[in-house]
Amino acid sequence: MEELTPSQNNWLKKVWFSLRIPFLAIIFALLVGAIILLVSGANPLEAYWQLFKGAFGSLRNFQRVLEKSTPLIFAGLAVALGFKAGLFNIGAQGQLLLGALMAGFVGFSLKGLPPYIHIPLGLLTGLLTGALFAGIPGLLRAYSGAHEVISTIMLNYVAINLSDYFSEGPWKDRSPGNIVSRLPAIQPSAEIPNIGPVPVGFIVAVLTALLIWFVINRTTFGFEINSVGLNPHASKYAGMRTKLLIVAAMVVSGALAGVGGAVETMGVVGRFQPGFNTGLGFDGITVALLARNNPIAVILSSLFLGAMKGGANTMQFYANVPNEIIDIIQGTMLLFVTAEMVIRWIFKLRKQQGTEITVTSGWGQR
Amino acid sequence: MKKRLYSILAILLVAGLLLGACTPKEPVAEPVVEQPVEQPVEKPVEEPAKTFKVGLVTDVGVVDDKNFNQATWEGVVAAQEELGFEAKYIETKDAKDYDANIQLFVDEGFDVIVTVGFALGEATINAAKANPGVAFIGVDQFQGEEVPGVAGLIFDEALSGVLAGVLAANLTESKTIAAVLGTDLVPPVVNYNRGYVGGAKWVDPEIDVISTYHPGGMDVAFTDPEWGASTAKQAIEQGADIVFAAAGNTGNGALIETAQHEGLFCIGVDTDQWLTVPEAHKCLISSATKDITLSVVELIKLAYEGKFPAGNYVGGSSLAPFHDFESMVTDEIREKLKEALEAYNAGKIELPDK
Amino acid sequence: MISESVNKKNWSSINWKLVRSIILGLIVVGVILFFNARSPEKTSAVLSSTLRYAVPLILGALCGIFCERAGIVNIGIEGQMLMSAFLSYMTNVWTSNLLLSLLVGMLTGAIMGLFLAFLSIKLKLNQTIGGTVINIMATGITGYFYQTGLTTQGKLWNIPLGPLAKIPLIGPVLFNNPPITYMAILLVIFSQVLLFHTRWGLRTRAVGEHPRAADTVGVDVFKIRYWNVIIGGIMAGLAGSFLTLEGVGMFERGMTNGRGFIALAVMIFGKWNPISSALAALFFGFANAMQIQLQFMGIQVPPQFVGMIPYILTIIVVSGFVGRSRAPAAEGIPYEKE
């Protein structure tokens, strides 16, 4: 989209054009949050200050923000790539969950591998699981017309049930003294280390974002995905194999989410346990939309959302504000960032070509 | 443009006020921040006035859940009233924040940190290893091996389940009793049911115990009151006249539903639900409780006195008071309950696997 | 697009094949239960549990049907239900007036519908995202403002319909229910008539299938869409009120527990047709009641597998292996007047 057009003379203006809507959306969402805080008797400035301190107040807090951002980057990329192809992958949640589960299985069951084999193997398992699980709705969308929104919502529930089953059933942690439904801890050789305060998983996430940016903007595959997203019929007449592209986009999207889950298991949690990965895929939707589907911006918006989530407990602790305020802010932000019309209407901003987000069409269509 | 901006702000403000019209949830009940420390009278004089602080980390959920988070917090508050110290809680929203939330209390120099729920077990042990000198009370956390500084407060849910089962078996007329349960992913829930079935069959092997687990995952199994209610109804309509609900808020739905039907009894769980679910007064004969509140008070006192234990600390399991139904519970039944307790302790009550 | 070639009759009449198979299935299993257990109580317990589980799904699916028949995708049903459940509960706490609470619930649904309509029609916001926003906001707002320790006295009670309620087996199941359940059954019939046998319905479907054509013959596309989404919102509001006023009588954070999404599945299962969808909802309810009954009977199946059934069935149905299901053609596309 805008990256495809030859760079204009005034790139600064371009940056502002692409940043202003998310920026204003964030400001407005914080404002709405402040009003609600004010009305319920809390001090918004104090709350936001604690939120900020909780995110960046110390090196350890910042490390947590990076940890929280990592799966968001993967989930955000997964959703963004889907959007580029005109697919709404609500199923990132389920793909991530199963990726985390399978990485946990590989992580604990294979013994005696050196880290340089075990870690990539775990990541690969997550990738393949996510890809396969997203391949189902991809194939269905391409060849039977079942809309991916519906099929992935349903598959999310299937993923929860499957992972619960394995955590309580065949793969349950049977170590003496354990009564909890969870998988055993992964082998030390499967643990993704940190470099200083920076988790290696975060670095992988950033590199992946750059890779996806490159794929989307500099390769034929990326070009074709974009065209399918923008105009499937024209792409078909131009000779592209649109069905195959839809499946491919879904598979890559699922692979990204699956790796995100694997990184989560191997880098943060240390095992698979039900309840530890909830909501990440859905947050990916917010991340992708806030980033306007730009993979580089996905990193930034993940950091932003990760900072809010990382700082929330400090805010609750010191400013006595319930956590749910973060949900309200996130929802408002999503609303403003997607309802460009609202912000344009308020500020009478000019419309710039190519900034609309291509998302899905109705779920009856091909 | 300005005009529009103002009008938007006005709209936002009005919307905010409208929202505010609903009384908001009190941000944090009564954390009693920086309350001056009262020296208990019976304390030896030579000890300097120390600041004593107790913090509580909930499982994913809220502190006022009418259930074990709430019962534990009530224990902290009760101890606070007695000893006079600073108490505070934090509600966990994301399971990955367990460590971070514990750390917040450690950083603020809290002396006792109570973590609620078996899911926090690992985080609690890690924190205790990293912070010797801080006393950790892990509610529902079975300690496989003893870790200094961690007291795992555990309960024999099967025992209170047995008592509930014996009570139910003595009261039922239809010889069919029901249990509505949270997910089988949670061991205490399974133990309650094992006790309930075992206790009822011990009284009368002919009794039909129909029990069912919620089919959803951990995230929904305890927050689905309508499922609990309709499941209870399904059991009642096929003749069950006593419903035991061990499923958090899902179970509360089952209790309320049972109260709608004349002449039936229901049995609550974990805490004395007479106090937490007033809608169920019509049927709530008792609750299969674990004395979370009392045990938490005891453990905090021990920590206060510097005699904090490590390893497993078994809290009491019993039946809650019968309240309005005192007269319904005959001496004969009370005798049977005592007998059951002895039989259970002697290992004479056979429990099913699940 | 393929929509032009679609046989119109498919969409204007009930899918009798599905209806037949579901009814047949219910009867067969019902009879088996009846004789196996040799106890009519068990059968009627299972059947009334089926109906009860189905009611919010039916209402949620009707919400989806009204919105989508007019061309607006609504995945915010879950959020609409939750908000309505919350506000009707709060009204009941404050006023102890059940009728008023019910009206508040419906009104909340209507306002949420209006909000979605405004986002997707006026602002041309992507409709799926609009629904997602509603879901996130509803979770946040109800969670933030809900406080425990509130109690309500009373909920909507059963109204037996005279001698009808005394018919063995089906009497207690069908004719001894609280008001929202009756309303749900009547609304299914009402919606079926409205959508397929009135001018309004014809226009609604025209707007959902081919808004441009509808516009050319003088149908006000925007008006039709607004009203249908609002009507849909009222249905979702009723579904929410069902949970807090009629079903369990209490509120809990996140208590809708995915019923809004299952309602979507029900809608697709029923091919955007009220009666078929109601039957699909009953089928899902039956699956739930049966899984409870199996556990009662001591048959141990991991509950997770039973929990998966509705979702897997939905995927099979949408994928077209069994009875292909197709959405209105213009769904999800904002309409621009020329």
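Over all chains, the structure holds 26 salt bridges. Keep in mind that this is a predicted model. Let's start with the charges.

What is the general idea? Side chains of opposite charge can pair when their charged atoms come close. Now look at B:Glu122. Its side chain meets that of A:Arg182 in a salt bridge, at 3.8 Å from N to O. Where do the two sit? A:Arg182 is in the loop between α6 (148-168) and β1 (194-195) of chain A, and B:Glu122 is in helix α4 (residues 121-130) of chain B, so this pair joins two chains. A:Arg182 has 12% relative accessibility, so it counts as buried. B:Glu122 has 33%, so it counts as partly exposed.

B:Glu122 also meets the side chain of A:Arg271 in a salt bridge. Here the N to O distance is 2.5 Å. A:Arg271 lies in the loop between α10 (242-269) and α11 (280-290) of chain A, while B:Glu122 lies in α4 of chain B, so this pair joins two chains as well. Is A:Arg271 buried or exposed? It counts as buried, because its relative accessibility is 6%.

Next, a salt bridge inside chain B. B:Lys233 pairs with B:Glu237, and their closest N and O atoms are 3.3 Å apart. Both belong to helix α8 (residues 225-237) of chain B. They are four residues apart, so about one helical turn separates them. Why does that spacing matter? An α-helix has 3.6 residues a turn, so residues three or four places apart point the same way. B:Lys233 is buried, with a relative accessible area of 16%. B:Glu237, at 25% relative accessibility, counts as partly exposed.

Some salt bridges share partners. They join A:Arg64, A:Lys68, A:Glu264, B:Asp94, B:Lys96 and B:Asp97 into one network.

Charges can also sit over rings. Find B:Lys88. Its charged end sits over the ring of A:Phe317, 5.0 Å from the ring centre. Now find B:Lys336. Its charged end sits over the ring of B:Trp202, and the distance to the centre is 5.3 Å.

On to the rings themselves. How many aromatic pairs are there over all chains? The count comes to 29. Take B:Phe105 and B:Phe110. They form an edge-to-face pair, 4.8 Å centre to centre, with 75 degrees between the planes. B:Phe105 has 0% relative accessibility, so it counts as buried. B:Phe110 is buried too, with a relative accessible area of 3%.

Chain C gives us another example. The ring centres of C:Tyr144 and C:Phe145 are 5.0 Å apart. Their planes are at 80 degrees, so this pair is edge-to-face. Both C:Tyr144 and C:Phe145 are buried.

Ring pairs also build a cluster. It links A:Phe105, A:Phe108, A:Tyr165, A:Phe166, A:Trp171 and C:Phe305.

Now the cysteines. A disulfide is a covalent bond between the sulfur atoms of two cysteines. How many disulfides does the structure hold over all chains? One. It joins B:Cys266 to B:Cys283, with 2.1 Å from S to S. The torsion about that S-S bond is about 75 degrees, so the disulfide is right-handed. The pair links distant parts of the chain, 17 residues apart. B:Cys266 is in strand β9 (residues 265-270) of chain B. B:Cys283 is in the loop between α10 (273-276) and β10 (284-290) of chain B. B:Cys266 counts as buried, at 0% relative accessibility. B:Cys283 counts as buried as well, at 1%.

Compare that with C:Cys63, which is in no disulfide. Its nearest cysteine sulfur belongs to C:Cys67. C:Cys63 counts as buried, at 0% relative accessibility. C:Cys67 is also buried, with a relative accessible area of 0%.

Last stop: helix α11 of chain B. It covers residues 292-304, which makes 13 residues. From its first C-alpha to its last it reaches 18 Å, close to the 18 Å expected at 1.5 Å a residue. Which of its residues are buried? Among them are B:Ile292, B:Val296, B:Leu299, B:Ile300 and B:Tyr304. After α11(B) comes B:Gly306, with a positive phi near 75 degrees.

Notes:
Residues numbered from 1 in each chain as written. Chains lettered and ligands numbered in written order. Predicted model: local features only at pLDDT ≥ 70, side-chain atom pairs only at ≥ 80, totals over all residues. Heavy atoms only, no water. Expected span 1.5 Å × (residues − 1). Buried < 20%, exposed > 50% of the residue type's maximum accessible area, 1.4 Å probe, protein only. Disulfide = S-S within 2.5 Å. Phe/Tyr/Trp six-rings, centres within 6.5 Å; stacked < 30°, edge-to-face > 60°. Lys NZ or Arg CZ within 6 Å of the ring centre and 35° of its normal. Salt bridge = Lys/Arg side-chain N within 4 Å of Asp/Glu carboxyl O.
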